[in-house]
Amino acid sequence: MVVLKKILLAEDNPRDAELTLEAFEESLLANRVVVVKDGVETLEYLRCEGQYADREPGLPSVLLLDIKMPRKDGIEVLREIRADPKLKLLPVVMLTSSREDKDLLNSYYLGVNAYVVKPVNFSGFIDAIKQFGIFWGLVNELPPDESHKTNEI
Amino acid sequence: MSRLKFIQNLSIKSKIILIVFIVVLTALALGFATVATWDHNKTKRTMESNLILNAKLIGDYCVVPLFFNDREQATEAISGLKFVESVEEAYLLDKEGKVFAVYPDTMKINSPVQIYPESGIDKIKGYYLVSESVVFKGERLGTILFKANTRELAIQSRKLTITLSLLALALLSISLILVMKLHKFISTPILDLANFTSAISRSQDFNVQLDMHGNDEVGFLYEQFNNMLAQMLRRKNERDIAEQEIKELNASLEKKVKERTEMLESANKELESFSYSVSHDLRAPLRHINGYLELLTKKYDLQLDEKGRHYRKTISEAATQMGRLIDDLLHFSRTGRMEVKPEPVDMSKIIAETISILESETKDREIEWQVGTMVSVTADLTMMRQVWLNLIGNAVKYTKKRKPAIIEIGCSIKGSEVTYFVRDNGAGFDMNYAQKLFGVFQRLHSNEEFEGTGIGLASVSKIVAKHNGKVWAEGEVDKGATFYFSLPILKKEV
C-alpha cells in the first residue's frame, strides 16, 4: 500500500490553524497535516534541520503557506524554496487572507502552484479545504522523487 | 533725394571733407569771380581812357595839317598811331566830314567809313570805335576816328583766369590737406563712440566708461552716454540680483515640492500598509468568529436553548455586518488610490449589465425600468461599472416598498458636459441633509430600514471627482430621489 505523504501547513495563528485542521477533519485528512508556526520553522522542517533534524525523511505532498508570518514571511519562504535545488519542485499553495495585487503578483512571479484566499465564511472555507485536500492530497501527481537522481531537470 | 541719400551714407570723414571742399570751392569761386570782374572792368576803363587820350593827342598833331590842308603831313601825324598796338585803322575827316587822311597809309582814301559814334568811345563786335573832334581855339577843324581791337583785354582776362584758377587749386589742395589732418578732431570722438557702443552691445559689459574728450557737444554726448551706461549697469545689477533671487526661490520651491512629494509618497505608503494590515488583521478575527460560530452550530447547537441560539445568530449577523464594512472600506480606499485608465465606455451596455447583475434582488419585485438613450464617454470602465452599480443598486434598494417601483435612467448634454441621472420613486431624503449623502459612512436611513454601509455614494463621488466631474442629488422624503453625475466630454466625442 502506498504511504500517503504529509501536508505541511505553515500558519502562525493558532485559531486559523485549528480551524484549518477542523476543516481537514471533515475530509478525514487531519492526521496527515503537520503544522509549523513561521517561515523559519517551515524551512527547518523541509530541510530536516533544527527541531526537525530527526524527523522521517521525505518532502510533503504540498505546502500550505500563509503570507503574513513572524520572522520569515510566506513570500520569502517561497523564494527560498524555489532557489533551493532540493525543494524547488515542491508544490506550494498560498493560503492567505490577502487579496492584494502585490502579494498575488509576487507569489505567481516566484512560481506558486495556487493561490487561495481564505473565505470569511467558514462553510465556504470547509468546502475549499475539502476540495483542496482531495486535489493536492489525492488527485495531483507529484514530481518524481529527486533524492535518487544526480542530475536536475 | 537719391543724391542726398548718397551723402547720408558717406562716412563722417568723407562728409567733413566733402563739406569743406564745397565750402572752400564756393568761397573761392565767388571771391575770384568778383576779383576777375572788377579787374576786367578796371582794365577796360584804363584801355578806353588810353584810347581817348591817344585820339586827343593825335588830334592835336593833326590841327596844323588840317589848317593848312596838308594831307601828307596829316597822314604822317596819324601814322603815330602805330605805337598803339591795338589800333587797326584810323581816319581823319575834315570839317565837312570827308576823309582827309587814313591809317595805315596802305588803305585807300575813299574806303568806306564804318558807323562811328558822334563822339566818345563805343564797343561793337569786339572792337572799340573812337571818335574825337579836332579843335583849334574853339573852332572844330575835323574829326579823328579809329578802330581798335580788344585782343589785349582778352589776353589780360585769360591771364587773370589762369592765375586765379591755379591759385584756387593751390588753396583747395591746402584746404583738403588741412581738413584731412584736422577732421579727426570731430570724427575721431564720434567714431570712438560708435566702436565703443558696438563693443558694449557685443560684450554686454556695462561696467565701463568713456574717457572724456572735452566740453563741446561731443563731450556732452560722452557725458550723457556715460550716465546712460551707469544707469544700465545699475539696472543690470538689479536684474541680476532679482534673477538670482528667483533662482534661489525656484530652488527652494523645488526642494519644498520634493519634500512634500516625499511626504506624500510616504503617507501613501503608510496608507497602503494600513489598508494591507486592515485586510489581513481585521479580517482574520472575523473569520475566526465565523468559523467558531459554525463549529458551535454544527457540534453544539442542540445543547443551546432558544436564547442561546438567538445570541449566536446575533453574533453571526454582527460579524457579517462587520465583514461587509471592512470590505467596503477597503474597496473605497482602493478606489481612492486607483488611477483612471480612460477608454471609450458604452454606457447603455454597462447599465444593461448592471440591471442583470441586480436580478437576484429584483426578480421578486415589480419594477418599471425607464432607460433612455445613453451618451457614451471616455472614462475608466471598471469605475463606471461601480458608479452605475451603486446608483442603480441604491434605487432598487430604496424603492423596495413601492409597487410598482419606477426607476428612470437618462442623460442630457450641456456644453462640453454630459449629465447622467438615476431617478426613483422610493424613500427619498430630506434635502437639508443632501450634502451628507456623499460622505463616508454617512447614512440617512437606519440599517434596519435599509441595509447599507454608507460607502457606495462616497465611492461614486470619489470616482466622478477623479474624472473631473460633479455629483449631486435631489429628493423629497417618501417621494423619491434623483442622483446626478456629470462628466466632461472630450472634443472628438461630440
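In what order do the elements of chain A run from the N terminus on? In this predicted model, the elements of chain A follow the pattern β-α-β-α-β-α-β-α-β-α. Chain A accordingly holds five helices and five strands. Its C-alpha atoms fill a box of roughly 45 × 40 × 30 Å along the principal axes. Because a compact globule with 153 residues would have a radius of gyration near 15 Å, the value of 15 Å for chain A agrees with that expectation.

The strands of chain A can be considered next. Strands of a sheet pair through backbone hydrogen bonds, either parallel or antiparallel. In chain A, an open sheet of five strands shows parallel pairing and has the order E2-E1-E3-E4-E5. Strand E2 (33–36) and strand E5 (114–117) of chain A are the edge strands, each pairing on one side only. On average, neighbouring strands of this sheet are turned by 20° against each other, direction ignored. Within the sheet, strand E1 (residues 7–10) and strand E3 (residues 62–65) of chain A run parallel and are joined by four bridges. Ile7(A) has Val62(A) of E3(A) opposite to it.

Helices pack on these strands. Helix H2 (residues 39–47) of chain A packs on the sheet and touches E1, E2 and E3 of chain A; the direction of H2 makes about 135° with that of E2(A). Helix H5 (residues 122–139) of chain A lies across E3, strand E4 (92–96) and E5 of chain A, and runs at about 175° to E4(A).

H5(A) also has a helical partner. Two packed helices are described by the angle between their axes and the distance between the axes. For helix H1 (residues 14–26) of chain A and H5(A), the angle is about 60° and the axes are 8 Å apart. H1(A) is therefore oblique to H5(A). The crossing of H1(A) past H5(A) is right-handed. On the H1(A) side, the residues that meet H5(A) include Leu19(A), Ala23(A) and Phe24(A); among their counterparts in H5(A) are Phe122(A), Phe125(A), Ile126(A) and Ile129(A). By class, the contact of H1(A) with H5(A) has eight nonpolar, two polar and three charged residues.

Chain B has an open sheet of its own. Its five strands have the order E7-E9-E10-E12-E11, with mixed pairing. Strand E7 (367–371) and strand E11 (470–476) of chain B stand at the edges with a single partner strand each, so one side of each lacks a neighbour in the sheet. From one strand to the next, the twist averages 15°. E9(B) and strand E10 (residues 417–424) of chain B pair in the antiparallel sense over eight bridges, and Ile407(B) stands opposite Asp424(B) in E10(B). Helix H8 (residues 347–357) of chain B packs on this sheet, touching E7, E9, E10 and strand E12 (480–488) of chain B; the direction of H8 makes about 170° with that of E7(B).

Some backbone details remain. Most residues other than glycine have a negative phi, and most peptide bonds are trans. Arg71(A), although not a glycine, has a positive phi of about 65°, and Arg71(A) is found in the loop between E3 and helix H3 (74–83) of chain A. In chain B, the peptide bond from Tyr103(B) to Pro104(B) is cis, with omega near -5°. Pro104(B) belongs to the loop between strand E2 (99–103) and strand E3 (120–124) of chain B. The peptide bond from Lys403(B) to Pro404(B) is also cis, with omega near 0°, and Pro404(B) is placed in the loop between helix H10 (381–398) and strand E9 (405–414) of chain B.

Technical notes
Residues numbered from 1 in each chain as written. Chains lettered and ligands numbered in written order. Predicted model: local features only at pLDDT ≥ 70, side-chain atom pairs only at ≥ 80, totals over all residues. Heavy atoms only, no water. Pairing = 2+ DSSP bridges. Helix = DSSP H or I, 4+ residues; strand = E, 2+ residues; numbered from the N terminus. Axes fitted to C-alpha atoms, helices over the stretch in contact; angles between N-to-C directions. Contact = heavy atoms within 4.5 Å. Parallel < 35°, antiparallel > 145°, perpendicular 65-115°, else oblique. Left-handed = near helix turned anticlockwise from the far one by under 90°. Nonpolar A, V, L, I, M, F, W, Y, C, P; charged D, E, K, R; others polar. Rg over C-alpha atoms; globule rule 2.2 N^0.38 Å.
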